[in-house]
Structures are given as C-alpha cells and as structure tokens.
Amino acid sequence: MRRFTSLLFAGGLAFLLFSLVATLDFGDPPMRIGSGILAQAPAQVGTANIVTAVVLAYRGIDTLGELSILFAAATAAGLVLARPGRAVSAPKPGGFVLRVGADLLLPLLVVIGLYIIAHGHLTPGGGFQGGVILAAAFFLPLLASPGREPTHAGLSLVEGLAGGGFILIGLLALWQEGAFLEPLLGTGQLGALLSGGTLPLLYLAVGLKVGAELSALLARLMGEGHDVGD
Amino acid sequence: MSQVVLPIVLPLLLAFLLPVVMRPLPGVGRWLGPLLLVYDLWLLGQAWPAAGAAPFSVAIGGFAPPLGINLYVDSLALLFALAVQLMGLLLWPWSDGEEAPRRQSLALLLIASSTGMALSGDLFNIYVWYELASVAAFGLVIDPARAASFAASLRYLLISGLGSVLTLVGITLVYVRTGTLNLAQLAELAPGTLTGPLGMGALVLMLLGFGVKAELFPVNHWVPGVYASAPARISALLAGVISKLAVLVLARLLYLMQPGAEVAGLVTGLGILGMVSGELAAWRARDLRRMLAYSSIGQLGMIFVAFSLPGKAGALAGLALVLHHLVVKSGLFLLAERWDGALERLRGAGRVSPLAGGLFVLFALSIVGVPPLPGFWAKLMLMQGLAAEGGWLYGTAMAVFMTATVVEASYLLRVADRLFAAPEGKAPRPAVGGLALTSLLGGGLLVALVTVNPLARTLDKVAGVAVDRDGYLLHSLPRERGRVGEGGDPGSHSPLTLALSPRGVERERGARP
C-alpha cells in the first residue's frame, strides 16, 4: 500500500513537472536583475568577473548562508560519526610511486588552489572552486598513506577563523559604512590583481572555509576508532 | 536600523567560533550562546517600535533591492524573529561533554537561519536560510542514546531533500518567468506573469517544498519519528518554532503573490487533510510523544486553513493559533520528556508529580479550547473567519475543525485521566527537576489569559501588516521607482531597466529583436 502511494506520488510529480516544462517558452527569459547587474557591476563593484560581483557583493549574504550550510553539514556529520568503538582494520600502506607522487603533487595543488582563489575576482574560479582544490591537496597524502592521522585541531581552527573572518569583514563594513558586507577599500582599477576592494579577501575566507570544511567532512568519514573531529 | 542584520549574523559568527573557543575554555563557551541570544533579543526589541510605526527595508551590502538582497522588517517578521530567539534561549541545549560545542553550534545555526527566514525579503535568500535550518536540524535531532533517532533522521533527510528540490524547481520557474527574486518585485509582477498552469505549478512546488518543515499534509511522514526520538528540547524547538517559520514563509508568499482562488483552495484542502490525518493518528497513538507529534500535524493543518482565508480575519486567526501552539506544544514536548514510553505506563504519574500533571491538564485544556484559556480565543477567531467566508470548502473546513477539536479533547483528556488514575503497582518515578521551564511556559499561558485584550489588539495590528501587500511594495523598493503594478507581459521593460544606464537598455533591446 505504502509502495503504491509512493509510486502514485512520484508519478504525479513527474507528470506535473513535465507538463510545466512543456509550457515554458525557451530563449527569451526576462532579464530584469541580470541586465541590471551586468550594467552596474563593473563600475559599482569593480570585479572583472561579474559572477564574483554577484556571489560576494549583490548576493553576499547568500554566500554566507551557503558557507554556513557546509559548516552545518560537516558539524552534523561529526555528531553522527563520532560514535565510539568503530574499529578500523589496519590499512594497507600505499606503494612507493603512490606516496612519492602524492608528495610531488601536494605543493602544485596548494599553489593552484590559492591561485584560483586569489584570481576569483578576475577570472572564472574563486573561493568555492579553489577551496575544493585545497581540500584535495589536504586529502591526497591521507589517501596515499592511509595510516597517517589527519590533523583535526588545525582544521577546526581554520574552519572557525575563516568563517569568522568573512563575517568580521562584513561587520567592519557595517560599522564603517552602515551596511553589512558592503565592499570596502574602493574598487581599484578594473582587471588589476588588487581590485574589487574587500572582495578578494572575502573570497580568501570562502576558499579556506570551503577547503577546511570539505577536509573535515572527509576526515570524519575516514573516522578512526576514536572520536574524530571537533 | 541596519543593526537588525546582527541577530542573523552574530549567531553565525559564534557558531563558527564556538568549536575553537570551547576547546580551551569550555566554561566560558557554554555561556556565550545564551548571552548572545539575550543581546539579539534586546536588538530586535529595539527595532520593534520603529517597525510598528512603519516597516522598513535594510539593503545588505548597500546594494538597493531588487539587485541586492534586502531584509524587510515589519512587525510580522519581527514577531517571528523574536519568537525564534526567545524560544532558542529557553530551549538552549545545555549539554556538556565532547558533543556540546557541536550541538550548540548547530543550535545557533538553526536560530540564525530561522531569523533570516523571518526577516529576508528575497525568495532565494529565504531558500538558503531554509536549507541551513534543515541541515542544522538533521544533526540536532540525533539523540546518541537512541538508535531510533538515526533512522528517523535519515527519513527526515530524504523527505527534506525532496522538499528542497521541489522548492528549487519552483523558484527556478518563478525566476524564469519574472527575472527577479525580490519578493516585492515578484508581488508586483505576479499578476501579469505568474498566471496559468505555470505560475500555479511554481507556487504549488514551493508550497510542497516549504511545507516539509511546516508539516503540510502530503510531505510530513518524518514528523512522528523525529519528534518521538529527538531530544525533547529539540522536538519542542522544531515543532514549536521552526515549523511556524515555514508557515510564515508560505503565508508571505500567499499574501504577496495573490495566486488566486485555486491555490488558496488547495491550501485549505491540504490543511483539512492535515487535520483529519493528524488528529486521527494522534487518537490512535500509543505513546505520548508520538501523540503530540501527530496532534501537531493536525494543529498545523488548522493554521494552514486560517492562513488560506482571504483578508485580515484569517491572518489574525492564524497568528493567534501560531503563537498559542508555539507555547503550548513546546511545553507539552518538555513534559513528555519525563513521561516516555507507552501511555499505559503513565497511570498515576500525575499523582506522583502534581505540578507536572497540572501543567499537562492546563496545556491540554488550552489546546482543546476550553473557554477562558487562550486556545479558546484563537480557535474562536478561526471559527469566525470561516463562518464569515462561507462556501462549501470553508464549510467543510469548519465541520472538520469542530470534529478535530472533539477528537483532540478525547485523546488529550484520556491521557489526563490516566495521569491522575490510581497507580497500578509501582508508580513511575518522577524525573528530578526540569519543570522550571515548563512552568514558565504555563505561566506565560496564564499571563496571556489575563492580557488577552491588549494581546489581541497587537495581533490585530500585526495581522493588518501581514495582509498589507501595497505596504510591502511601498516600503521594500526605493520610492523613486516607477509606480506599483506595472507587470504586464514578461517581455516588457520593468521600471528597473528603464532606470538603468542607456547601455543596459540597449543591451536588453539587442537581446530581443
């Protein structure tokens, strides 16, 4: 009976969605917000990458919310996975090529991650993408030699301080300019590395936070026998 | 007045920093959360007179809406924000031990996101806060001592995930049709663009998606399992407060977008089905927490019926029911913590702890709606609203509502009867302490009983603000904009694009030969 109702519900939903899509007219969306931001952003925010202007300036508080969602997910996973007595069998050590290859890749990944974060206001990329690469850099040695212990204390510190930094920059703007997350420090010259005011700093905080969050999430999933994380 | 962003942002800041602070200083850390909530309450309280006089909008980042995101502060939003922060403070998870920083971080995230839901004036921003509230709730509902809570949380996660996808599809449809996410501008454009099956479909999708948290009828399978196995304070917080925030979001959408009689009728219908299914399941429930969970579905159904009524009377009834349910259901869930397990085992529990038994009877009578208690006035308002509206749908709602009240009386008084029956054999041991908070809620209910007239006047004002669509448009968007109600077909230029530089207009013309 339950299975039948679920099927009915799913079928009805699929029908609803298909019939809605069928009535959509393609190719001529009204660009109310879009064209407004395209016209204003370069002068108002000063980032060559307009997506960054949207992500950090026009919809900056959404980004803060998304960071918080990642943080909540990592924290909730910590609560779920932090159960004592999950014995893990001794992992098999990785081979020579794997270990050395990982060690060689590590600095490259860190540099690329930081580069993508630092140029987020100029080119496609930014904190989210760079942060994921940083997380990969963090996780590579752990995958190559599974016996190694992830450093939870440091992760937790970066996690807290990067998120705190984002909000503190916003609060500084509230105190100085009267609006939370208002870009400070002027716009600078469009396209220069040092432009876009506080936006690159915000992206740095986003990148570190995303990197630390994903690393913490993965490290908790690896969960050793003891209480990992916090 | 831009400080009104602080009650959203400061809890987020503390949530990020709490795990760092509590490692070296656990003694200091455990007080930071409650202190911050007190400060937030003070901030929100300060904004109350200003928002009561005239609602105002705060542009975040200094970017004026509709391009940027704004907080819309009226007495309706502030009332819910205050309720969230106050109940968060009262139901604060004072746990110790290794899990404390994580639990308290999640509680702060839940409170911050719910405040954001109440205050935000942007559809997608509301969705972000809604997601944050969901994710924080997944972690909080886990009680490490109960294996059942893991299964319940998983089911909650799946249904909530479905709801999120539906909401996102709904928001996408709205954005594709209107090209904006700002609630005020949406309200302005909705009559011209969000019509027909597409607009209605978008609204129904958002209704189902946001309805997951609001315990709306077809998407509430998670409710009994989660409320029965989560820590009592978290059940109280979710059932009492967070569900109401989702109701607020839906009520805002309904009042602003004026989707017409079909959607309103659908909400009424789902509310009726919620009443029927919730109250009947509660009647059959065999343990107290499940009973309360099912009855909460029923009462949320009543609230949906109230908000689906057009005009101020419905909003007033809905608000009264919301506030009443917020106090009473939280109190009942806190009481249920000490009376765990099958109903049969409660025999004589009220004689062992007369205060707890008395509080249960007080809350039960108020939920049923026995005359002098506040629950009666709330239900009376809904009856008056339904009677004034007429029509077969509202007539059905009225009949179901009366029956639901009788069923409620039957199962709640059955429990009360059992509480004061002569115990068979060994009476259950009373839990030590834990009644202070419940007594406080009971006291609040009695204060509301005495001050029912000023309360009703305040609520009447808030209800007036809630349904004041023109006021929302006026106070949300900058004054010098074009007149309200421009709308028209989606291809027409909004006042916004006309106000832009000529380049922007040219670009738009170029895109549309």
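These legends describe close-up views of a predicted model.

View 1. A:Val110 counts as partly exposed because its relative accessibility is 30%.

View 2. A:Lys209 and A:Glu213 form a salt bridge, and their closest N and O atoms lie 3.2 Å apart. The two residues are 4 residues apart in helix α8, so about one helical turn separates them. Are the two partners buried or exposed? A:Lys209 has a relative accessible area of 0% and is therefore buried. A:Glu213 is buried as well, with a relative accessible area of 1%. The cut-off for buried is under 20% relative accessible area.

**View 3. A salt bridge between B:Asp143 and B:Arg146.** In this pair from chain B, the closest N and O atoms of B:Asp143 and B:Arg146 are 3.4 Å apart. B:Asp143 is buried, because its relative accessible area is 16%. B:Arg146, at 25% relative accessibility, counts as partly exposed. Side chains of opposite charge can pair when their charged atoms come close.

**View 4. A salt bridge between B:Asp287 and B:Arg290.** Here the partners are B:Asp287 and B:Arg290, with 3.8 Å between the closest N and O atoms.

**View 5. A network of salt bridges with residues from chains A and B.** Three residues, A:Arg59, A:Asp62 and B:Asp122, are linked in a network of salt bridges. Of these, A:Arg59 and A:Asp62 belong to chain A, while B:Asp122 belongs to chain B. How many salt bridges does the structure hold over all chains? The count is 10. Among the residues that form them are A:Lys209 with A:Glu213, B:Asp143 with B:Arg146, and B:Asp287 with B:Arg290.

Technical notes: Residues numbered from 1 in each chain as written. Chains lettered and ligands numbered in written order. Predicted model: local features only at pLDDT ≥ 70, side-chain atom pairs only at ≥ 80, totals over all residues. Heavy atoms only, no water. Buried < 20%, exposed > 50% of the residue type's maximum accessible area, 1.4 Å probe, protein only. Salt bridge = Lys/Arg side-chain N within 4 Å of Asp/Glu carboxyl O.
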